[in-house]
Amino acid sequence: MNLNPSKKYVEVILPLALAGSFTYEVPEELLNQIQIGIRVEVEFGKRKHYAALIKAIHDTTHWSNPKPVLAIIDDKPLVHHIQIEFWEWMSQYYLCHIGEVMAAALPSAFKLESETNLIGLLEPEQFPEGLDDDEYLILEALDLRKEISVFEVQNILQRKSVLKLIKRMIENKWIASKEKLEERSTVPTTTWIRLAEHIQSSKELFNSMLDLVQRSEKQTRSLLLYLQLKKDYSWIKKKELQKLSKTETAVTDALIKKQIYEEIILDKYEYPNQSKELIEIQLNAEQESSYEEIKKCLSNQQTVLLHGITGSGKTMMYLKIIQETLLQGKQILYLVPEIALTSQLVMRIKQYLGDDLLEYHSELSMKSKEAVWNAALKLNRVFIGARSSIFLPFYNLGLILVDEEHDASYKQTDPAPRYNARDSAIVLAKAFKAKVLLGTATPSIESYYNAQQGKYGLSILNTRYGDSELPKIETISMKEAQQFGKLKGYFTQQMLDEIQNQLDLQKQVIIFRNRRGYSPLLQCSNCNWESTCDRCDIRMTIHKHQLKLKCHICGNHRPIPERCPNCGQFTLKELGFGTEKIEEELQAFFPDIKIHRLDLDIARSRKMQQTIIEDFQDKEIDVLVGTQMVTKGLDFEHVGLVGIMQADQILFYPDFRSQERAFQLFTQVSGRAGRRKDKGKVLIQGYNIYHPVISDVINHDYTAFYDRELFERKKFNYPPYVRLIKIQMLHLKIDVLDEGIKKFADELKKIYGKRILGPAEPHVSRIKGSYIRELLIKIEKDADILTKVKMDIMRLTQELKSHKPYSSIRIQIDVDP
């Protein structure tokens with residue numbers, strides 16, 4: 001042990017999948033600068049440099065000759081001790097390395113390493129005066145090479161420590177990381193306009209303005225419509241006003257030139273600041289009663305579940321509780337499943353919270369991400385974001401809201417940590433002694449069970465807000481439609497008639513099909529050849545518009561063949577249908593209407609998803625065909641009909657949660673219909689239309705569904721009665737894989753017996769060339785047993801990896817899959 005009293009040692013976390021933390025010696029000249037939570041530059045291995053984060057500071061170490069810290073990167077901590085403790089809990093609970101949690105938590109701008117590529121932002125004539133030699137050498141190298149790595153900077157300067165210098169140059173906007181520059185260049189903008197501020201407060205100027213535009217019929221039309229829509233003179237999107245007033249850009253620009261309108265240009269995901277006079281929240285009697293019930297529950301319990309049917313006004317309840325928490329001088333985290341699908345939500349919330357609302361998501365520019373990160377370190381604000389926002393460095397958290405708490409998007413699948421943001425939020429809140437409000441129309445079985453057991457508080461909203469009613473839900477039998485010749489393509493005549501009826505009423509339609517692509521299978525009717533992926537155990541999907549067969553797992557693709565590759569005959573046929581085929585059929589049936597898709601093929605980026613949603617909201621789209629993207633809490637005013645295609649398929653997926661997911665999806669997508677005065681309608685088209693889940697959806701009966709599902713879960717020993725851990729092993733050689741997982745399973749079974757299920761071949765048994773086998777472990781809800789099982793899993797993992805034939809097996813552990 002090194003006992004030199006004049007020395008200090010730091011324990012650091014590296015953003016790598018390595019067990020534990022690492023110790024480095026602090027040079028004397030850096031002793032006064034070290035703090036827990038700041039980044040330091042360290043050498044790891046022979047030549048690689050990383051920005052590591054200080055976890056702890058020690059006076060002694062048992063290492064005989066630790067490497068020195070090369071430089072201090074930050075002046076102030078990036079995270080507080082609570083975040084480091086939270087990372088440690090996550091790594092222990094979800095059985096991953098703390099470095100993997102750090103890599104998931106920190107924005108990429110904070111993860112400089114030797115391989116990071118840099119790009120110059122200045123031409124030689126723009127080089128600032130007073131550059132030191134190192135700064136000039138880097139800028140000169142970037143002018144000559146256009147792109148260099150951090151490792152190359154070390155060679156150019158002939159020094160190891162460069163990360164602090166690079167950080168300073170990035171902050172000065174002389175250079176940028178390649179990722180950062182790419183993000184900056186792709187952020188779209190939106191132009192907003194309003195009545196010029198100097199006119200708003202002067203009656204005289206207001207009257208002279210009207211005189212100024214009266215000669216132009218189009219300018220008058222634009223101005224009068226603006227005054228009708230925005231009595232408070234607030235901002236409106238330039239394109240929206242032009243569309244509604246049927247005027248061109250030149251008309252709006254002329255009014256801006258006359259200083260009648262003023263404009264601002266913002267990132268598409270930013271919104272104009274609201275006036276300080278924010279809208280007061282008005283609750284109806286049922287909401288007020290529920291609000292008081294929630295407050296009462298939160299005074300005794302940490303977590304409350306708000307079970308409110310679709311359209312019941314849960315958002316208004318959230319806002320009331322948020323405002324109260326802000327008045328207490330606390331921070332709020334507002335978790336949503338998909339930030340891109342909540343542009344309407346953000347706009348709506350800004351009316352009540354103004355500048356107190358900050359967004360955090362992957363589409364933000366790096367500069368914006370850093371600004372939000374720094375705000376979380378010191379400001380009492382409301383932070384809204386998807387699951388990764390749980391890693392923001394809060395210091396004074398008072399409330400976490402989890403909207404649509406049932407949504408599977410809260411669960412991270414790959415890479416590690418495979419965490420559930422909803423469950424992790426409850427642990428994070430406990431560290432701050434904060435409160436948690438879970439909200440949904442379709443609670444997860446686990447959350448509702450916890451509420452029934454008294455672990456969570458519970459409040460229920462049973463009626464829709466305002467004058468709207470729950471939609472009428474009907475089923476259509478595909479069998480009968482086929483028997484009586486009332487099937488056109490994949491649509492029944494009843495579905496087509498109802499779509500036409502809604503279009504005649506100037507209403508919009510949503511068609512839900514949880515399968516993207518044109519057709520899921522290409523098959524030869526002569527020799528039964530099927531289009532399967534060469535690398536995965538899965539059929540390739542037909543994408544007609546791209547003229548490709550695509551694997552939805554590995555992304556492998558190839559052209560659609562004209563004849564069978566096996567027998568050479570022209571006997572290929574498409575089986576099944578996806579959203580692309582539905583769109584094509586609908587366009588043939590209704591050639592004069594605007595139809596659009598919302599799925600991962602057409603809207604891969606969040607920007608594109610948001611554009612489609614806003615176009616539908618503005619009635620530029622008549623029929624929206626979508627996958628589960630259309631189910632996520634969207635509020636459309638003019639939707640009269642929701643059609644659900646081939647409902648059976650979701651019900652019979654080989655997963656113990658399939659019926660729960662089906663109930664949630666059907667209920668959520670049904671809830672998009674009739675959200676204002678006119679009652680909406682939902683048509684469920686399928687073969688097994690008398691399935692009990694469909695009956696529960698029709699009757700809006702969550703309790704009946706929950707009771708039946710709970711009975712089945714207890715009978716077959718599934719959550720919420722047990723905890724699950726799934727272990728997947730992957731290898732290119734199937735014999736090595738089978739031997740390795742059998743050895744692993746046999747050791748576990750010696751200790752835990754029947755709690756271990758498998759090894760088994762999963763539904764998809766090969767991905768990207770690697771074969772897969774899996775184990776499922778069912779554990780009683782006992783903390784001591786769970787801890788022991790996890791310790792044994794980690795021990796056996798290390799033992800298996802230490803044997804040469806099995807060292808190359810990839811092991812993926814998923815707690816609460």
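Helices (H or I, at least four residues) and strands (E, at least two) are DSSP runs, numbered from the N terminus. The views below show a predicted model, in which local features need pLDDT of at least 70, side-chain atom pairs count only at pLDDT 80 or more, and totals for chains, interfaces and linings use all residues. Residues are numbered from 1 along each chain as its sequence is written, and side-chain values use heavy atoms, with hydrogens and water left out.

**View A. Asparagine 284 in the loop between strand 11 and helix 12.** The loop that holds asparagine 284 runs between strand 11 (261-267) and helix 12. Asparagine 284 is partly exposed, at a relative accessible area of 26%; buried means under 20% relative accessible area, exposed over 50%, and partly exposed in between (1.4 Å probe, protein chains only).

**View B. The salt bridge between lysine 295 and glutamate 324.** A salt bridge is a side-chain nitrogen of Lys or Arg within 4 Å of a carboxyl oxygen of Asp or Glu. In this pair the closest N and O atoms are 3.6 Å apart. The bridge links distant parts of the chain, with lysine 295 in helix 12 (residues 285-300) and glutamate 324 in helix 13 (residues 314-327), 29 residues apart. Both partners are partly exposed: lysine 295 has 34% relative accessibility, and glutamate 324 has a relative accessible area of 29%. By the rule given here, the count comes to 47 salt bridges.

**View C. The salt bridge between lysine 167 and glutamate 171.** The N to O distance in this salt bridge is 3.6 Å. Both residues belong to helix 5 (residues 163-171), where they lie 4 residues apart, about one turn of the helix. Lysine 167 is buried, with 17% relative accessible area.

**View D. The salt bridge between glutamate 405 and arginine 422.** The two side chains meet at 3.1 Å, N to O. Glutamate 405 lies in the loop between strand 16 (397-403) and helix 16 (421-432), and arginine 422 lies in helix 16, so that the pair, 17 residues apart, links distant parts of the chain. Elsewhere, salt bridges that share partners join Arg39, Asp74, Lys167 and Glu171 into one network.

**View E. Strand 16 and its parallel partners, strand 13 and strand 17.** Strand 16 is mostly covered, 7 of its 7 residues being buried. Two strands pair if DSSP finds at least two bridges between them. Strand 13 (residues 331-335) is joined to strand 16 by 5 bridges, and in this pairing glutamine 331 has leucine 397 as its bridge partner. Another 5 bridges join strand 16 to strand 17 (residues 435-440), with leucine 399 opposite lysine 435. From strand 16 the chain passes through helix 16 to strand 17 in a right-handed β-α-β crossover; right-handed describes a path from the first strand over the helix to the second that runs clockwise with the strands pointing away from the viewer.

**View F. The surroundings of isoleucine 400.** Contact means heavy atoms within 4.5 Å. Leaving aside neighbours within four places in sequence, isoleucine 400 is in contact with Leu333, Leu335, Ala425, Leu428, Ala429, Lys435, Val436 and Leu437. A nonpolar core is a set of buried Ala, Val, Leu, Ile, Met, Phe, Trp, Tyr and Cys residues joined through side-chain atoms within 4.5 Å. Trp87, Ile400, Ile725 and Ile727 have the most contacts inside the largest nonpolar core, which has 113 residues. Helix 26 (residues 734-752) gives the most to this core, with 7 residues. Another core, of 31 residues, lies apart from it and includes Leu319, Leu326, Ile339 and Leu357.

**View G. An open antiparallel sheet of 3 strands in the order 7-6-8.** Strand 7 (147-149) and strand 8 (175-177) are the edge strands, each pairing on one side only. The twist averages 35° from one strand to the next. Strand 6 (residues 117-120) and strand 8 run antiparallel and are joined by 3 bridges; glycine 120 has isoleucine 175 of strand 8 as its bridge partner. Helix 3 (residues 133-145) packs on the sheet, touching strand 6, strand 7 and strand 8, and its direction makes about 125° with that of strand 7. Axes are lines fitted to C-alpha atoms, for helices over the stretch in contact, and angles run from 0 to 180 degrees between N-to-C directions. Helix 4 (residues 150-157) lies across strand 6 and strand 7, at about 85° to strand 7.
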